[in-house]
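The model is predicted.

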Amino acid sequence: MTPWRKLVVLCIAANVAEASLVAGLGHDATAGLAPQASAVAPFGVFADMRWVSVYHNSWASFGAEVVAMLVVRGSMTAYAVHLAWPAGVVRPARRALALRGFLGTAFAAILLVPSVTLLFGMASVPISWLFFAAVPVALLIALIAHPVVVGDDWWRRPWAWRTIGWVAFTFVVMNAAAGATAAAPAAVWPLIAGAAGVFNAWAWVGIVHGVVDRRPARLIVPVAPVSLVVLAAVVVGGTALGFAGARGQDQLRAPARGDRPEQQGPPLLVMSGYGSHWDGRERHPIPGAFAEVVFSYRGLDTQGNPLPYTSADTVKSLPVLDRMFLHQVAVLATKTSHRIAVVAESEGALVAKTALLADPRSAVSHLVLASPLAAPGQVSYPPPGRSGWGMAGAAGMRLLGHIFQPMTSVDLSPDNAFLASLDAAAPSLVAAMACPLPATHQLALRPLADATVTPLNARFSYPAVVVPAFHGGLIGSPSAERIVARAIEGHTVRHDAVVDAAEDVIEAASSAWRVPNLVPSDYPGEPPPSSTCRAVARRLRALGLARVSGAPAPDGP
């Protein structure tokens, strides 16, 4: 058998084996990773690390999986380079190729740790900003570091534009393969993975030939090391700027006097999201005759008015926030003698939805979920000192939280009260977000960017509209405020067929770059959710996500 045929067999076999395993274990949302099982370096390492970040339940198992990844991926990479080596060119000894494969795998794994950690955090709190921070960085690392496994002088040579093209082409094909997998039944997944394996073999040949065929370097041109340093600076600086901008946008401000007259009408409770803060001044982000009141993450004063709050006040456990929400709704309904409409964004949407599902007796007539967290808690992370799925992923989140804590007043650690409560309630939260509310009209207002984080199996049983926007900031946004007002007033909200189609395409293609999700039976201490929303509501009440009769709601600071 020729080297080319051996390479094709190797790539097809690796892809088909993973696709068959994923289909057999019922990991429907993870099938998009299978085409990367034999992908050119470092895409294969990136896929392996995402599996390892989720599926280990002790430090010992994590260490064993990392060693196995380095050995298997390094050996497979070395063999692929060996088979793809151009004829007529002296090929290095297999021992040298094996060493390059192992060291190149370890080097790529170190560089990709931040991206994998961000994607792990995204699976816990599905916010598209994390996707846009993680995936482009991983692609840039692939563009810079791909020659490591082929030549030992990669660090002092300029890039070969031919191989840059192959890396970019591979990224596009992996997106297309994931999209095709999402649209096909499980029986077809091995065929798609096999076809992607043929492409991977072709890409291995293209990259190896592109690196080997370059002329010998006469001068040291350390493009790759300098690019990695610049990339690190861009990542840190860009994240700092992003947090700074987010803090500015999260401030809930009032329009200047005269910009908009004070409005009277049906009461409307407006809830912002995680990390938001409010200075206590009136605001009217929703057009129409509504008497708008801000939900306070700090609570109410003795007269039942919302208190100003800081971003730290949003970091409370979900059961506490649910009870605060139900209490503020009850107080507002009593004061106005009306049923309440609620517009809730991001974390607020999760709070409002779980509270109303667990306690449907509240006086909420309409609920608009802006930038809803469609499927929170797709991974698990144990508290410090305890074993469980995702221990290393949680440790990475803690480390990133400490690094970026000076740049944001929001606690990013998985140990904070809010994120810890998400882990405790998953996967009931995933089922809860999809449930209808018998006595409340619902509308989900989804930003198009969140298609990058929405699992393929996350579907709502109530109307949803997609708008071209990023996560957060929909409340008061011109692209969304008219839709919100029409929904609350009872009018039909129109869909944009082009935007809906774009959401489907992005959702399917981006599944190639997420971490594997835990299936319900994998969650520690959490029974698999029932197929009925009534059972999900009972589970939420058992977790404390409802008002306890006669118990005071948490008020004040």
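V368 stands opposite L443 of strand 7. That strand covers residues 441-447, and five bridges tie it to strand 6 in the parallel sense.

Strand 6 also pairs with strand 5 (residues 340-345). Here six bridges form, and the two strands again run parallel. Between strand 5 and strand 6 the chain passes through helix 10 (residues 347-358), giving a right-handed β-α-β crossover.

| Partner of strand 6 | Residues of partner | Bridges | Sense |
|---|---|---|---|
| Strand 5 | 340-345 | six | parallel |
| Strand 7 | 441-447 | five | parallel |

Why is strand 6 described as largely enclosed by the rest of the structure? Seven of its seven residues, 364-370, are buried, that is, under 20% relative accessible area, so the strand is largely enclosed. In a regular strand, side chains alternate between the two faces of the sheet.

Now the cavities. How many reach 30 Å³ or more? The structure holds seven. By class, the lining of the largest cavity comprises eight nonpolar residues, two polar and one charged.

Methods:
Residues are numbered from 1 along each chain as its sequence is written. This is a predicted model: local features need pLDDT of at least 70, side-chain atom pairs count only at pLDDT 80 or more; totals for chains, interfaces and linings use all residues. Side-chain values use heavy atoms; hydrogens and water are left out. On a 1 Å grid over the protein atoms alone, a cavity is a set of points where a 1.4 Å probe fits but cannot get out, and a pocket is an open set with protein on both sides within 12 Å along at least five of seven lines; lining residues have an atom within 4 Å of a point. Grid points are joined across faces, edges and corners, and a volume is the space filled by probe spheres set on the points. Ala, Val, Leu, Ile, Met, Phe, Trp, Tyr, Cys and Pro count as nonpolar, Asp, Glu, Lys and Arg as charged, and the others, Gly among them, as polar. Buried means under 20% relative accessible area, exposed over 50%, partly exposed in between (1.4 Å probe, protein chains only). Helices (H or I, at least four residues) and strands (E, at least two) are DSSP runs, numbered from the N terminus. Two strands pair if DSSP finds at least two bridges between them. A crossover is right-handed if, with the strands pointing away from the viewer, the path from the first strand over the helix to the second runs clockwise.
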